[in-house]
Amino acid sequence: MLFRSFTYVDDIVAGVVACLDRPPTGSAPKHRLYNLGNHRSESLLDFIGVLEEALGCKAKLDLLPLQTGDVPETFADIATSERDLGFSPKTTIREGLPRFVQWYRSYFAV
């Protein structure tokens, strides 16, 4: 089973705004790189299930073995972002995917 981290765009925007609200200070400011992803992995099959619900149709799955270079799980290490920026993604796939589907249908008039 594959697990991936998905991050809703509003959560990324909140992280970027938090960075802008806390610029480096001092005579020689130290700049940092922040990971603004999601620290929770979701089962890819759960993601597909939520998307199926939001779309109202079943996916046609062609389950294949891991491909060269693929990894079984991804997630972001956001410890520094949490500490320095108070960043923590809030939107779950159960909330975000239906919102995305609604936006997509509206934007593209489908």
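Ring pairs join Phe100, Trp103, Tyr104, Tyr107 and Phe108 into a cluster; rings of Phe, Tyr and Trp (its six-membered ring) are paired if their centres lie within 6.5 Å, and count as stacked with planes under 30 degrees apart, edge-to-face over 60 and tilted for the rest. The model is predicted, with local features requiring pLDDT of at least 70 and side-chain atom pairs pLDDT 80 or more, whereas totals for chains, interfaces and linings use all residues. Residues are numbered from 1 along each chain as its sequence is written, and side-chain values rest on heavy atoms, without hydrogens and water.

By the ring rule, eight aromatic pairs are counted. The ring centres of Trp103 and Tyr104 are 6.4 Å apart with planes at 65°, so this pair is edge-to-face. Trp103 and Tyr107, in contrast, form a stacked pair, with 5.1 Å between centres and 20° between planes. Both Trp103 and Tyr107 belong to helix H4, where they are four residues apart, about one turn of the helix. An α-helix has 3.6 residues a turn, so residues three or four places apart point the same way. Trp103 is partly exposed at a relative accessible area of 45%, as is Tyr104 at 37%, while Tyr107 counts as exposed at 58%. For these classes, buried means under 20% relative accessible area, exposed over 50% and partly exposed in between (1.4 Å probe, protein chains only).

The chain contains four helices and two strands, ordered β-α-β-α-α-α from the N terminus. These elements are DSSP runs numbered from the N terminus (helices: H or I, at least four residues; strands: E, at least two). Phe47, Val50 and Glu52 are the buried residues of H2, and they pack against strand S2 (42-43) and helix H4 (93-107). At the N-terminal end, H2 is capped by Ser43, a side-chain oxygen of which lies 3.2 Å from the backbone nitrogen of Leu45. Gly56, with a positive phi near 75°, follows H2.

Ser41 lies in the loop between helix H1 (9-21) and S2. Beyond residues up to four places away in sequence, Ser41 touches Phe3, Arg4, Ser5, Glu73, Thr74 and Phe75, contact meaning heavy atoms within 4.5 Å.

Apart from neighbours within four places in sequence, Leu85 is in contact with Gly15, Ala18, Cys19, Arg22, Tyr34, Leu36 and Thr80.

Of the 110 residues of the chain, 21% count as buried. The C-alpha trace spans about 60 × 35 × 20 Å along its principal axes.

Conventions: A polar contact is a pair of N or O atoms within 3.5 Å; within protein, one must be able to donate a hydrogen and the other to accept it, and residues adjacent in sequence count only if both atoms are side-chain atoms.
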